[in-house]
Amino acid sequence: MKYRPNRRTRRLAIGTAVVLALAATNGPWLHRFGTERYRAYAINKPDYKAANGHWDFLDVPSGYRINTIHAALLHTGKVLLVAGSGNNQKNFDAKTFRSVLWDPERNTYKDVPTPKDMFCAGHTQLPDGKLLIAGGTKRYEKLEGDVTRAGGLMIVHNEDPDKPVTVPAGTRFTGRGNGRTFVSKDPVLVERARKVFDRRTGAFVRTEPGLGRIYVEARKSGAEYGTGAEDNYRLSGLSGSDARNVYGIAQKLALDKKDFQGIREAFEFDPVAEKYIAVDPMKEARWYPTLTTLADGRVLALSGLDEIGQIVPGKDEIYDPETGKWAYTGVVRRFPTYPAVFLMSDGKLFYSGSNAGYGPAGAGRDPGVWDLESNTFEKIPGLGDPDRMETSATVRLAPAQDEKYLVIGGGGVGESRRSSEKSRLVDLTEDHPRFTDGASLGEGTRYPSASLLPDDSLLVTGGSNDYRGRGGSDVLQARLYDARSDSYRRVADPAVGRNYHSGSVLLPDGRVMIFGSDPLYADRAGTRPGTFEQRIEIYTPPYLYRDGRPELTAGPARIARGGKGLFTTRHASSITSAKLMRPGAVTHVTDTDQRSIALGLEKSGDSITVTVPRNRALVPSGWYMLFVTDADGTPSEGMWVEVP
């Protein structure tokens with residue numbers, strides 16, 4: 001039988017032919033129009049979608065479009081989008097802080113009152129399904145040229161071994177050598193001095209002063225009120241022994257660039273009540289911190305800029321969700337900001353070297369395994385492009401039991417133009433782990449977003465060759481990474497470039513949401529400031545264009561660690577694997593919550609039985625999406641299961 005195209009196909013063919021003919025005779029504009037029309041036709045063909053997936057824009061009502069900096073999937077199936085002030089100084093000054101709750105199933109949106117500026121906070125999933133958010137912004141940076149009053153870090157010393165001293169806000173610091181006076185902006189507690197004794201003889205050796213760090217600022221505007229060298233400072237308002245024992249030391253206090261400052265405030269977001277609940281503030285203010293869940297359900301807070309814009313000096317702390325309180329770890333370990341630190345199956349912590357920025361180039365950047373209890377750190381060698389790890393992404397590959405990690409792309413420290421095309425692999429189950437170079441991205445890529453998919457592949461998309469997409473360097477490509485073959489496969493390209501302040505989140509239906517982007521410039525020449533990208537795209541992977549998918553019809557909402565759960569399904573015979581996937585909480589392409597845990601699987605008639613591993617460090621308490629897949633890797637929709 002001779003094939004006859006239908007009327008719609010004939011119209012489309014004629015239209016395409018006309019467009020192409022006009023393009024040939026009427027110049028570049030019509031050529032571009034024809035090419036774009038043909039591309040739109042090609043990427044919407046069923047065969048193309050089945051092989052490469054498809055991107056769509058999320059139709060967000062104008063009143064709910066925000067500068068999304070953070071995103072977290074909640075066990076209600078909704079996604080919390082957090083902007084805070086959204087890297088917008090005017091919003092910060094007006095105390096306009098935004099969060100929006102999106103329901104993917106109903107495609108509805110809701111404003112959530114946001115009590116503090118959570119811009120550049122840290123977050124992680126808690127055992128009870130709440131989201132812990134800690135830190136944020138106290139002050140926006142001031143670039144050199146915008147600073148009118150000289151200022152900077154003052155180290156306050158207390159030589160008294162008997163008592164700490166509180167130095168109130170508004171204290172004047174006057175240089176003994178330079179005679180200039182600076183004023184503190186906040187109060188600071190300076191610990192008492194510590195007596196040091198000889199370990200062998202027990203004899204007194206010396207007194208080490210207690211230290212406090214505070215930001216000070218000149219009383220008047222102008223460069224002439226600044227300093228260019230270190231000096232010793234006396235404090236106003238002190239008398240008696242305090243006047244002798246307490247003093248300040250500062251280096252250069254000038255009109256240099258002033259970095260962002262962090263806050264101590266912390267909140268739990270309740271997905272059921274859909275509101276923020278204030279909890280005990282952190283011991284340290286933090287901006288750009290990482291929060292990592294430990295095996296016992298407590299949360300470790302790492303790094304960040306403090307309330308005076310300095311890197312927190314290794315004072316890591318732990319949040320206990322049972323008490324709602326923070327406590328110092330008692331150990332010191334320094335990292336650059338937003339360090340990618342993961343909980344391993346043995347309870348130790350893996351630092352991949354990935355970070356988002358802020359911090360010296362030569363300190364705290366070596367990857368390795370950290371034993372928090374002993375504060376020992378075993379470095380891991382072999383890292384490719386070790387000087388281009390800033391703004392890289394790190395993912396714990398599926399299944400989590402294999403303890404294999406992929407480090408993707410990255411760039412040089414700060415505003416460097418250098419970027420890496422490397423993917424680095426490391427297997428932490430080896431006796432002597434060592435990084436090896438994996439499949440290449442093909443071009444240098446900073447800020448790549450990476451989301452684990454329920455078929456065990458990894459979606460890698462977005463990023464830019466240069467700092468914040470400078471020079472029109474966004475990478476408009478998406479790839480699926482196959483860990484078994486260590487290979488990337490190009491799939492459908494996204495429509496929007498994504499660089500700084502972007503990320504991606506797996507949804508329960510198997511699609512992926514990608515958000516954000518904060519380019520430095522709006523044009524290639526770098527003459528116009530960039531605009532924050534408020535559009536959200538949804539990627540539908542190829543597996544959702546196949547005929548049918550497995551379906552779980554009923555089962556327990558709670559399975560104990562080491563326990564079993566029976567789920568009914570009409571597709572038991574075709575199901576080949578089951579896994580628990582921890583919901584993501586991502587910012588600055590950093591998501592230490594991501595993990596996919598393989599489950600034991602038994603089949604019987606119209607049901608399957610899954611077994612959850614016993615290891616608490618492998619399966620931290622909390623809510624997970626249960627996915628099953630068939631022999632083709634087609635996943636079911638995720639079913640929410642709590643592991644207590």
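# Learning to read strands, sheets and single residues

A: Let's start with a sheet in this predicted model. Four strands, in the order β44-β42-β47-β48, make up an open sheet with antiparallel pairing.

Q: Which strands stand at the edges of that sheet, and what is left without a neighbour?

A: The edge strands are β44 (596-598) and β48 (639-643). Each has a single partner strand, so one side of each is left without a neighbour in the sheet. On average, neighbouring strands here are turned by 35° against each other, with direction ignored.

Q: What holds strands of a sheet together?

A: Strands of a sheet pair through backbone hydrogen bonds, and the pairing is either parallel or antiparallel. For a case to look at, take strand β47 (residues 622-630): 5 bridges join β47 to β48, and the two run antiparallel. One of the pairs to find is Y624, whose bridge partner in β48 is V641.

Q: How many bridges link β45 and β46?

A: There are 5 bridges between β45 and strand β46 (residues 607-611), in the antiparallel sense. If you pick out L601, its bridge partner in β46 is V610.

Q: Now for side chains. Where do they point in a regular strand?

A: In a regular strand they alternate between the two faces of the sheet.

Q: Is β32 mostly covered or mostly uncovered?

A: Mostly covered: 5 of its 5 residues are buried.

Q: Which strands pair with β32?

A: Strand β31 (residues 404-408) pairs with β32 in the antiparallel sense over 5 bridges, and there V407 stands opposite R424. Strand β33 (residues 436-437) also pairs with β32 in the antiparallel sense, over 2 bridges. In that pairing, T436 of β33 stands opposite L425.

Q: How do I read a single residue? For instance, why does W287 count as buried?

A: Look at relative accessibility, where buried means under 20%. W287 has 0% relative accessibility, so W287 counts as buried. You will find W287 in the loop between β21 (275-279) and β22 (290-293).

Q: What is W287 in contact with?

A: Leaving aside neighbours within four places in sequence, the contacts of W287 include F119, C120, F260, L305 and Y358. T137 is also among them, and a polar contact of 2.9 Å joins the side chains of W287 and T137. T337 is another contact; W287 and T337 are 50 residues apart in sequence and 8.1 Å apart in space, C-alpha to C-alpha.

Q: Let me try T114. Where is T114 found?

A: T114 is in the loop between β5 (108-111) and β6 (122-125). With 10% relative accessibility, T114 counts as buried. Not counting residues up to four places away in sequence, T114 touches F97, R98, S99 and Y276. Its side chain makes a polar contact of 2.9 Å with the side chain of S99.

Q: And D56: buried, exposed or partly exposed?

A: Partly exposed, because its relative accessibility is 36%, which lies between the 20% and 50% cut-offs. D56 is found in strand β1 (residues 54-57). The side chain of D56 makes a polar contact with the side chain of H54 at 3.4 Å. Setting aside neighbours within four places in sequence, D56 is in contact with I536, E537, I538 and T540.

Q: Let's zoom out. How many helices and strands are there in the protein chain?

A: The protein chain has 5 helices and 48 strands. Its radius of gyration is 27 Å, close to the 26 Å that the globule rule gives for 644 residues, so the chain is as compact as a globular protein of that length.

Q: What percentage of the residues is buried?

A: Buried residues make up 55% of the 644 residues. The accessible surface of the chain comes to about 28,100 Å², and 49% of that surface belongs to carbon and sulfur atoms.

Conventions
Residues numbered from 1 in each chain as written. Predicted model: local features only at pLDDT ≥ 70, side-chain atom pairs only at ≥ 80, totals over all residues. Heavy atoms only, no water. Pairing = 2+ DSSP bridges. Buried < 20%, exposed > 50% of the residue type's maximum accessible area, 1.4 Å probe, protein only. Contact = heavy atoms within 4.5 Å. Polar contact = N/O pair within 3.5 Å; in protein donor to acceptor, adjacent residues only side chain to side chain. Rg over C-alpha atoms; globule rule 2.2 N^0.38 Å. Areas by Shrake-Rupley, 256 points an atom, 1.4 Å probe, with all protein chains shown as cover. Axes fitted to C-alpha atoms, helices over the stretch in contact; angles between N-to-C directions.
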